[in-house]
Amino acid sequence: METTKGRGRFIFFCLTPAVILFIIFLIIPTIDVFRMSMYKWGGYTDDKTFVGFQNFTKLFHSDKFYQTFQNSVLLIVIVTIVTFAFSLLFASVLTREKLKGQNLFRIIFYIPNILSIVVISAIFSAIYDPNSGLLNSFTNLFRSATETPTLWLGDQKIVIFSLAGAMIWQAIGYYMVMYMASMANIPDSLYESADLEGASRTTQFFSITIPLIWVNIRTTLTFFIISTINMSFLFVMAMTSGGPDGATEVFLSYMYKEAYTNSSYGYGMAIGVVVFLFSFALAAILNAVTKRDNLEY
Amino acid sequence: MNKDKLNESSRSQKFFIGLIYIALIVLSIVIIVPVAWAFLAPLNKMLSFTVVLGLYQRDSTYKTLLTHGKRLKWATTCLTPRL
């Protein structure tokens, strides 16, 4: 009886600091964001006016918000699909095939992940430079000198794809390592018996690999949504600042500008609430759609 | 008959491995080239600064105004050699 009491006390004392920090730094600020979204406030003075849902009404009537919404969703879709496909494919190749220089490839693919987002943005800004950039130097080999160079970060139709390119380049290595870790746990005997049955590599990939790493895939899909929303802000701020003419404005950059540059803190928090609910709902939908029975092996 | 089948299978296996190597090498190039290019850019700038002849006047002297103590004093900070 006393041992159980002592154990309970021990667990309580171990958990208390973490729970207090969690409440102070996560729960209270989140509730505060919801509260602040109902105020009209500049962010610097004590002059706050309660406006109810007025900030949300204004937000849902704003064309700029719909543009940012469109850009963010486009980025989430492109980055998720392309990164997922490439990282899964390369993870499978590097885990299943016996290749020379396998470790070297693993290291190379992980390099973008150790670079900071600002460095990557600087690299890609230089690559996309219309006059001396690597990309235009390469494309100039296939076209006449009189043609105008492509403005990778200056053309409204292309710029979002240029950003997506940088984000995919940065993310592939990270997700590849995650998939490789779960693929390494699949027993070889399953592939050996599939070989004996005459199953092709493609069949093995779709019938053995994918179902057995499904839990990991589900987790990464949630990561894709959250990280794309977060990372897109950093890439946009470092590469385009939302331009040209709002063509790369995403959720968080719009929120940041409204809250800190435009001094509409309450309105900025309303955007934050919508982003929070959107990412939460999207992650929940993805989780529900991808739910399967766990396979044991 | 069986030998032919085996040969064909080994040939397709080699082709498959070749494709994998091509894909891996292409992705490696796509990753390495931007990083190398970005990291070599400052080095190239430095080389152009030090190597290009005639970029600066011969025998030119660079001075700076020192403000130690009460008196102002010009001090030579850089002297380009006669090339």
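The UniProt annotation "transmembrane region", from an unreviewed entry, covers residues 12–31, 73–95, 107–128, 158–177, 221–244 and 264–289 of chain A; UniProt positions follow the numbering used here, feature names are shortened, and annotations may be inferred rather than shown by experiment. This is a predicted model, where local features need pLDDT of at least 70 and side-chain atom pairs count only at pLDDT 80 or more, while totals for chains, interfaces and linings use all residues. Residues are numbered from 1 along each chain as its sequence is written, chains are lettered from A and ligands numbered from 1 in the order written, and side-chain values use heavy atoms, leaving out hydrogens and water.

**View 1. Two annotated spans, end to end.** Residues 12–31 of chain A are 100% helix and 0% strand, with end C-alpha atoms 25 Å apart. For residues 264–289 of chain A, the ends lie 37 Å apart, and the span is 96% helix and 0% strand. Helices here are DSSP runs (H or I, at least four residues), and strands are E runs of at least two, numbered from the N terminus.

View 2. Helix α3(A), residues 63–96, has 34 residues and reaches 49 Å from first C-alpha to last. That's close to the 50 Å expected at 1.5 Å a residue (1.5 Å times one less than the number of residues). At its N-terminal end sits the cap, S62(A), with a side-chain oxygen 3.3 Å from the backbone nitrogen of K64(A).

**View 3. Helix α4 against helix α7.** Here α4(A) (residues 102–114) and α7(A) (residues 159–183) pack at about 125°, axes 6 Å apart; axes are lines fitted to C-alpha atoms over the stretch in contact, and angles run from 0 to 180 degrees between N-to-C directions. The pair is therefore oblique (under 35 degrees is roughly parallel, over 145 roughly antiparallel, 65 to 115 roughly perpendicular, the rest oblique). Residues in contact (heavy atoms within 4.5 Å) include F109(A) and Y110(A) in α4(A), and W169(A) and Y174(A) in α7(A).

**View 4. Helix α11 beside helix α12.** The axes of α11(A) (residues 251–261) and α12(A) (residues 265–289) come within 7 Å and cross at roughly 160°, so the two are roughly antiparallel. Among the contacting residues are F251(A) and Y254(A) of α11(A), and Y265(A) and F278(A) of α12(A).

**View 5. Helix α3 meets helix α12.** α3(A) and α12(A) pack at about 30°, with axes 13 Å apart. F65(A), F69(A), V73(A) and I76(A) of α3(A) touch V274(A), F278(A) and L282(A) of α12(A).

Conventions:
A polar contact is a pair of N or O atoms within 3.5 Å; within protein, one must be able to donate a hydrogen and the other to accept it, and residues adjacent in sequence count only if both atoms are side-chain atoms.
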